[in-house]
Amino acid sequence: MQIINSNDSNFDKVFQELLGRGQMDMDTVIPRVQGLLDEIKKDDDKALCEQVARFDRWNPKDANDLVILPDLMEKAYEELQPELKEALHVAYERIKSFHEKQLPKSWMHYEDNGSVLGQKVSAVDRAGLYIPGGKAAYPSSLLMNAIPAIVAGVKEIVVCTPAPDNSLNPLLLAALHVCNITKAFKVGGASAIGAMAYGTKSIPKVDVITGPGNIYVATAKKMVFGEVNIDMVAGPSEIGILADSDANPLFVAIDLLSQAEHDEMASSILITPDAALAKAVRDEVMAYLPKLDRVEIARKSIEERGVIIVTSSMDEGVDLMNKIAPEHLEIMTSSPYEFLPQIRHAGAIFLGSFTPEPIGDYIAGPNHTLPTGGTARFYSPLGVENFMKKSSVIGFSQEAFRALGPVCATLAHSEGLTAHEASLKERLK
């Protein structure tokens, strides 16, 4: 894991490479993804079954084989160990409680002249959730995507998840049961995104698609945007840590590894003004690596995309971290809340040495589906509003129309829109 100093002569070059960490070479996969989407539009469920056989190493006889039956979900839930059942329910309630606080409200404003202006907020009719299942299974992602949709009031939720070798993670099945999902399918990758975006005989067309995935999933989401809404185009996972001399080197190291074990392309970044801490953390990272089950994935991530930056001050560190705009930001300093007002760009902010990133992945309550690759500069975490839309409400009395109609007609005339102008002036006669 490389250590660089912000005063190094090559620092600007290295830092620019770091800022480009989220770039995905979508151009190379677009033709392949477009081919998959075209197959689904043309051949419907038949194409889905063929694609599942091609990529997931099993052969569905027909679309019925793709269905995940609610009975299977319930059976997996009933067979769970009691502590896992309790953990699912604790996570469910905490995530639900947090997202209930996000619910936007409809509102109406009444003016003295009788006009009514307002906003009506309503849920989409149908949401599609993509839950990864390739290198690892993520029941927590199901909770984080399904619960805000449930809180928003979405009438129908459709879930797609890959089932390599026709096998599904029991905890994911149990999570589907806890979320009361009745429409779920064993379809992954770009195939799942296409099916939910365009609809097939077995998988209904949705209004919005959410959930993380690999480059094929991200590319497919980008390509179907407009046919449906999407949450964001997410890349590999990442963590940024701001730490001072009070930080525990072991805690910092393990938290860097917590992202590295996700994916070889994950980024783990520590920024600190303490050169001694930087070296201690690097030593702890290398010592702890062999203890991980996913050691080779984590090692490649740390070696190729892990970096420790030593700065001249914490203020410089904060400035650099804002430029990075990490998905997860941990602040491990003696006074972490002191720096919160200075943080402008981060997907989720974890304050203090006893608020590690994994607490946010599972149990804290806020959503763990977060913007990556610097997109925290303009994207927000997944939330209730991703499953809702707003309608403007306008109602004018005759008195209000007579007061504003002439001004409006003047603007319509200036744009040369004759019918617009006439619509107003006929009412003013």
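**A buried serine**

Serine 115 is buried, with a relative accessible area of 1%; buried means under 20% relative accessible area, exposed over 50%, and partly exposed in between (1.4 Å probe, protein chains only). The model is predicted: local features need pLDDT of at least 70, side-chain atom pairs count only at pLDDT 80 or more, and totals for chains, interfaces and linings use all residues. Residues are numbered from 1 along each chain as its sequence is written, and side-chain values use heavy atoms, with hydrogens and water left out.

**Around serine 115**

- Serine 115 sits in the loop between strand S2 (107–110) and strand S3 (116–123); helices (H or I, at least four residues) and strands (E, at least two) are DSSP runs, numbered from the N terminus.
- Its side chain makes polar contacts with the side chains of glutamate 111, at 2.5 Å, and asparagine 113, at 3.0 Å.
- A polar contact is a pair of N or O atoms within 3.5 Å; within protein, one must be able to donate a hydrogen and the other to accept it, and residues adjacent in sequence count only if both atoms are side-chain atoms.
- Not counting residues up to four places away in sequence, serine 115 touches His109, Tyr110, Gly395, Phe396, Ser397 and Ala400, where contact means heavy atoms within 4.5 Å.

**Nonpolar cores**

- A nonpolar core is a set of buried Ala, Val, Leu, Ile, Met, Phe, Trp, Tyr and Cys residues joined through side-chain atoms within 4.5 Å.
- The largest has 71 residues, and those with the most contacts inside it include Leu142, Val154, Met196 and Phe387.
- Helix H2 (residues 26–56) gives the most to this core, with nine residues.
- A second, separate core of 23 residues includes Ile241, Leu257, Ala298 and Ile302.
- Leaving aside neighbours within four places in sequence, leucine 142 is in contact with residues including Leu129, Ile131, Val159 and Cys179.

**Helix H8**

- Buried residues of helix H8 (residues 215–224) are Val217, Ala218, Thr219, Ala220, Lys221 and Val224.
- Their cover includes H2, strand S4 (126–130) and helix H7 (189–198).
- Asparagine 214 caps the N-terminal end of H8, with a side-chain oxygen 3.0 Å from the backbone nitrogen of tyrosine 216.
- After H8 comes glycine 226, whose phi is positive, near 110°.

**Salt bridges**

- A salt bridge is a side-chain nitrogen of Lys or Arg within 4 Å of a carboxyl oxygen of Asp or Glu, and by this rule the count comes to 18.
- Aspartate 38 forms a salt bridge with lysine 41, with the closest N and O atoms 4.0 Å apart.
- Both of these residues lie in helix H2, three residues apart, about one turn of the helix.
- Aspartate 38 is partly exposed at 36% relative accessible area, and lysine 41 is partly exposed at 49%.
- Glutamate 50 and lysine 46 also meet in a salt bridge (2.9 Å, N to O); they lie in helix H2, four residues apart.
- In helix H16 (residues 418–428), glutamate 421 and lysine 425 are four residues apart, and their side chains meet in a salt bridge of 2.8 Å, N to O.
- Glutamate 421 is buried, with a relative accessible area of 13%, whereas lysine 425 is partly exposed at 44%.
- Salt bridges that share partners join Arg126, Glu156 and Lys183 into one network.
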